[in-house]
Amino acid sequence: MAKIIDLPKLSPTMEEGTLVRWAKNEGDTIGVDDLLAEVETDKATMEFRSFDKGTLLKKLVGEGQTAKLGQPVAIFGVPGEDIGAVLAALTGGASKSAPTSPAAPTVASVSEPAPSAVAVHSEPARAPAAPVSSSGPAAATVAPTAGVAGLVLLPPKPAPHPVGEPGGPSSPRVRKLAREKGVDVDRVVGTGENGRITAADVERFSSSPAAPSAAPASGSVGAARPADEIKPASQMRKAIARRLVESKQTVPHFYLEAELDVEAMLLLREQMNDGVEKTEKISVNDLFIKACALALNAVPASNASWIDGNIVLHHRVDISVAVAVDDGLVTPVLRDADRKSVSAISAEVRELATRARAKKLKPEEMQGGVFSISNLGMFGIDRFAAVINPPEGMILAVGQARDVPVVKAGALAPGKRCSVTLSCDHRVVDGALGAQFLQALRGLVERPVKILR
Amino acid sequence: MRELRYREALREAMAEEMERDERVFIMGEEVGHYQGAYKVTEGLLARFGERRVIDTPIAEEGFAGIAIGAAMVGLRPIVEFMTWNFSAVAFDQILSNAAKLRQMSGGQFKVPIVFRGPNGAAKQTASQHSHAMETFYAQIPGVKVFMPATVADAKAMMKAAIRDDNPVLIFEDERLYGLKGEVPDGDVVAEFGVSQVRREGEDVTIATWGKMLWQCLDAAEQLAKGGPSCEVIDLRSLRPMDHETVVRSVRKTGRLVVVHETWPYGGPGAELVDRVQREAFDALDAPVLRCTGRDASMAYNKKLEDLTIPDAKTVLAAVRAVMSY
Amino acid sequence: MQDDRELLLGLYRQMVLIRRFEEASAKAYSQGKIGGFLHLYIGQEGCAVGALAALEAKDYVVTTYRDHAQALIRGTSARACMAELFGKVTGCSKGLGGSMHFFDADNHMLGGYGIVGGHVPIAAGAAFASKYRGDGGVAVCFFGEGSATIGAFSEALALAALWKLPIVFICENNEYSMGTPLSRSLSVADVSQKALAVGMERDAFSCGDVLAVRDRVAVAVKRAREQSLPTLIEARTYRYRGHSMSDPGKYRTPDEIEERKKSDPILNAETQLRAMGVSDAELEKINASVEAEVEDCVRFAEESAEPDESLIEAFNYA
């Protein structure tokens with residue numbers, strides 16, 4: 001009976017071999033342990049000695065050819081035996097495969113189909129037959145998954161989170177994104193696995209109109225807060241800081257408060273703006289600038305600065321107007337405000353403010369003021385005290401115009417009031433002088449027609 | 001460009017360096033007359049003679065120490081361990097002498113020496129012959145550790161190691177010796193501490209070294225058809241270790257899987273995880289997972305051996321796990 | 001004389017069993033049924049069979065990765081041995097150890113070890129325990145001449161001599177440490193000279209005559225058991241096969257191997273047995289029973305189950 005001889009394994013890692021030389025010819029009688037051929041393996045050229053006896057009827061692999069481990073390389077039998085059927089079986093694709101090792105390439109190109117469901121979870125798939133010692137440090141936290149090679153070191157399985165409810169788990173990256181977007185991550189409903197909040201969830205939440213801004217719920221201890229960050233100060237910020245420190249440390253401030261009746265002024269403004277293009281409308285602030293300029297002229301002693309130990313009396317009325325810009329504020333100077341019409345002041349302030357926000361002001365346009373006005377009324381501020389802009393002697397802080405009940409002719413009636421606070425440099429402006437200025441201002445504001453002169 | 005086998009690339013690098021520098025010699029068990037237990041040094045004895053290709057008895061501690069002594073006074077030895085498993089016998093020489101001589105002499109001595117040999121599990125070589133030993137050595141200040149995974153790296157890293165003035169350990173792999181690959185022409189010398197992106201991807205970063213690179217590339221290829229897109233990084237050099245390439249990748253992908261052959265407890269994989277979580281915490285979308293060997297000595301049985309070392313399927317499982325975040 | 005005849009018949013059977021067992025394992029290896037390394041003892045049988053014939057059950061045996069013979073002689077069944085080679089759970093190390101790591105606690109077979117020379121102190125430790133307990137046990141340690149250059153070997157010899165441990169160190173000098181001939185691995189031709197430096201008794205002989213081996217080792221065992229003194233023996237022998245299955249063995253000529261086969265311990269034993277009046281039929285009967293045993297163990301190994309995955313970590317800790 002013919003017998004197929006397979007290529008034997010000649011080294012531990014051998015997967016194929018090249019038949020370098022046949023030591024026997026077809027027709028030769030072969031004994032056990034006889035040298036049959038020499039085979040070059042991955043390691044060396046090895047002797048292929050026969051484990052069987054018989055007559056070599058057919059060589060199936062030629063010298064120089066490479067065969068896989070377990071591939072038929074010869075047929076043994078008795079002389080004259082018909083091996084047609086055996087050959088037919090071999091060529092018919094019924095060749096024997098490698099015995100145990102499926103001749104998988106050592107590296108790469110293992111292209112089994114991607115397993116669709118490799119079972120991976122953090123609990124052991126089943127109780128091990130033998131105790132796994134808890135003193136094995138890795139074994140204490142990681143259990144192998146049955147049938148999966150090696151270990152995948154998984155985190156503990158998270159507690160289930162109710163679907164559709166906010167407060168699900170989120171990753172460091174998502175939390176950072178939420179911080180950047182001003183989103184309170186604990187209010188976001190996650191759509192990821194187990195209610196996990198994804199970056200897309202944060203984006204969606206952030207752009208939704210109902211997004212409550214990032215007022216973190218008090219007592220919320222869930223999300224870690226970012227550490228304080230150091231942001232380098234701009235040159236402008238440094239200049240503001242230097243000047244304000246200088247002001248508050250060297251200028252003895254005192255403050256005078258007054259509540260002005262602005263009903264007439266607002267009415268005047270309304271009339272002036274009637275039919276005027278929106279971009280050219282006069283603001284309350286424009287009116288205050290003109291009023292302050294005229295008040296300074298009315299009380300000339302108050303138009304003064306303390307410079308190098310001297311009192312400098314100004315004969316010009318150049319008013320600094322505080323303009324908020326990104327990263328700070330600037331104070332462009334409106335020259336000769338007392339000589340300009342309200343509409344001219346309005347146009348110039350608008351132009352200065354535009355250029356201020358665009359950072360297009362020249363340095364000289366922000367120098368040489370004698371008096372400043374700061375108005376936070378548009379931000380809903382009722383009253384505040386401002387820091388003097390040295391070497392100016394005074395600054396007026398203007399709050400918002402408010403509807404208040406007033407007594408008119410013995411009866412309660414609706415009125416308009418506006419608080420102003422005057423900060424004075426006590427070195428040049430005493431209390432009485434400051435009060436005179438405010439008195440003059442009140443006269444102008446409450447009888448605004450005088451402003452128009 | 002020429003195609004060489006990994007073992008030929010190693011051999012060619014050693015031969016070229018021996019031609020270039022008369023101080024370079026090779027020492028180890030069966031490196032000469034036997035032509036190398038794994039045929040890495042085949043033909044070198046005939047080419048360079050017994051003075052420079054030296055067969056040693058089985059005395060790892062002795063010949064490792066002799067080579068270190070020779071390096072101290074000006075020679076540049078290449079020491080082959082038949083396998084890195086046997087280097088454990090010489091561990092004291094590497095740890096207490098090679099790694100420390102420069103430091104404890106206040107910089108007076110240097111030890112320009114290469115220790116090299118196959119590492120990790122081969123096929124059913126069982127409990128005492130299957131260690132991935134790089135995990136021990138990468139911890140030692142004073143040595144450098146190369147893990148060539150490709151044929152080109154085998155040559156370029158060997159050259160870099162021989163020319164370096166420090167002890168350099170090259171962990172080869174028996175299962176890579178037959179690997180064919182392109183080797184650039186000319187005198188290409190590898191840099192220490194440079195990781196390499198072997199495959200670009202968007203969704204998850206896989207970092208690995210040595211033989212496991214091929215399992216990771218296989219997994220990435222399988223996932224290419226519809227699965228997440230994997231970026232595969234070959235660390236190449238474990239000391240110094242370039243984690244910055246991994247950090248950059250993680251900033252893109254938000255997810256990292258680290259794959260290595262040896263045990264889960266500590267080692268270069270855990271070191272990498274530590275560095276990444278410190279430097280890229282805000283970029284992470286999932287915990288960093290490691291695929292490691294099982295926490296046990298190697299079983300002889302083939303099925304158990306296959307289950308002990310991670311393969312492409314393990315990597316796929318880990319990728320799926322990080323993608324669930 | 002009758003005792004010797006019976007004894008030799010038994011030793012002959014052991015040697016034949018080892019050889020047939022290993023031939024069968026070589027074939028199974030070539031078919032991919034056995035993996036990893038497979039180091040064959042074929043040709044060296046006279047050494048282990050003769051040496052272990054001098055031992056009692058309470059004595060300990062420690063050896064290298066070339067360990068099949070020692071296990072079979074100590075009483076590990078051929079089934080358990082072959083199943084171990086096949087990586088089956090019915091193997092003597094449950095399929096976890098493989099060819100290089102045969103262990104059999106019941107038969108005081110303390111294992112085969114893969115790191116050259118690393119096991120020599122382990123054997124001295126078993127001897128230490130016997131002396132500590134005062135149980136009269138002796139340890140026998142086998143190793144190749146390649147171990148003689150390893151530090152652990154020198155240190156174990158030094159301590160065994162210093163502490164007068166009951167141990168017999170048997171260097172199986174098969175002339176090649178893997179592919180390196182003795183002349184290029186040792187500065188002395190006689191490994192037993194290593195005993196001189198530590199003041200240890202020594203002996204040296206070749207292993208072609210298994211009874212002679214038994215007698216010479218018995219002297220050393222007696223010295224260990226009765227005087228608690230170690231001995232270093234150089235047992236000259238020869239392996240017919242390569243260092244392992246993947247060693248082409250090109251460092252030796254076919255003529256050299258054929259010459260060595262003339263002093264084959266099995267052939268010698270047959271000659272001796274015939275001289276003692278044992279018939280061909282009797283020898284044939286032994287050979288047939290061995291062949292049946294080997295066929296049975298291969299079948300058993302093939303049919304046995306593989307170890308379960310849960311055994312991977314099961315033996316990490318006691």
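**Figure 1. Helix 12 of chain B, end to end.** This helix, residues 312-323 of chain B, has 12 residues, so at 1.5 Å a residue it should span 16 Å; its end C-alpha atoms are 16 Å apart, which agrees. The expected span is 1.5 Å times one less than the number of residues. Helices (H or I, at least four residues) and strands (E, at least two) are DSSP runs, numbered from the N terminus. The model you are looking at is predicted: local features need pLDDT of at least 70, side-chain atom pairs count only at pLDDT 80 or more, and totals for chains, interfaces and linings use all residues. Residues are numbered from 1 along each chain as its sequence is written, with chains lettered from A and ligands numbered from 1 in the order in which they are written.

Figure 2. Among the buried residues are B:Val315, B:Leu316 and B:Arg320. Their cover includes strand 9 (151-153) of chain A, as well as helix 8 (212-224) and strand 10 (204-208) of chain B.

**Figure 3. The largest nonpolar core.** A nonpolar core is a set of buried Ala, Val, Leu, Ile, Met, Phe, Trp, Tyr and Cys residues joined through C-beta atoms within 7 Å. The largest one holds 224 residues, and B:Val315 and C:Ile167 are among those that touch the most other members. Helix 1 (residues 2-30) of chain C gives this core its largest share, 12 residues. Because domain 1 (2-183) and domain 2 (196-323) of chain B both give residues to this core, it lies between them.

**Figure 4. Two domains of chain B.** Domain bounds come from an automatic or database domain assignment. The centres of domain 1 and domain 2 of chain B, taken over C-alpha atoms, are 26 Å apart. Each domain gives 21 residues to their contact (C-beta atoms, placed from the backbone, within 7 Å). On the side of domain 1, strand 6 of chain B gives the most, with three residues.

**Figure 5. Where chain B touches chain C.** Chain B brings 29 residues to this contact and chain C brings 34. On the side of chain B, helix 11 gives the most, with five residues.

Notes: A residue is buried if 20 or more other C-beta atoms lie within 10 Å of its own, exposed if 12 or fewer, and partly exposed in between; C-beta atoms are placed from the backbone.
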